[in-house]
Amino acid sequence: MRKVSIRTVENTIGLARSVANGTTKFPFMGYCADLMEKMLEDYGYENKPMPLVLFNDALDHLTKIHRIIRFPRGCALLVGFGGSGKQSLTKLATFVAGYKTWTINLIRNYKEADFRTDLVDLYDQVVTKKRTFMSTDAH
């Protein structure tokens, strides 16, 4: 498994964003796609593999999510149809940024006290480690 540095990823993502905005002519747009494919493969080694197809719009959304995650106190609300890849792209962007994903696991009889306990656990972890909190309406 070949590790790719975060700086290389950030520089490539910055170039990709410039190209998407039309402010830079970048003849090697495939380089960004190749780099993200490698990162997706690396993600599959450490987590459950995701069968993603990283087409241009997906790469654009991936770079936007990554940029938001890397901001201090960055947060986003992703809205869209189910199955459009919001969670998968967020998990990949979190991995590329070097963070870990944290979600609340809802079970039967999950109460407000359990939610508060989970939030306390999240706050304790955020102080020492970089985390991405992901919540869905699937429950």
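Author: Buried means under 20% relative accessible area, exposed over 50% and partly exposed in between (1.4 Å probe, protein chains only). The model is predicted, so local features need pLDDT of at least 70 and side-chain atom pairs 80 or more, while totals for chains, interfaces and linings use all residues. Residues are numbered from 1 along each chain as its sequence is written, and side-chain values use heavy atoms, without hydrogens or water.

Reader: How many aromatic pairs does a search of the whole structure find?
Author: Rings of Phe, Tyr and Trp (its six-membered ring) pair if their centres lie within 6.5 Å. Searched on that basis, the whole structure gives a count of 2.

Reader: What kind of pair do Y43 and F95 form?
Author: Planes under 30 degrees apart count as stacked, over 60 as edge-to-face and the rest as tilted. The ring centres of Y43 and F95 are 5.4 Å apart and their planes stand at 85°, so the pair is edge-to-face.

Reader: How many residues apart are Y43 and F95?
Author: Helices (H or I, at least four residues) and strands (E, at least two) are DSSP runs, numbered from the N terminus. Y43 lies in helix α2 (residues 29-46) and F95 in helix α4 (residues 86-97), so that the pair links distant parts of the chain, 52 residues apart.

Reader: Is F133 buried or partly exposed?
Author: The rings of W102 and F133 have centres 5.7 Å apart and planes at 40°, so this pair is tilted. W102, in strand β1, is buried at 12% relative accessible area. For F133, in strand β2, the relative accessibility of 39% makes this residue partly exposed.
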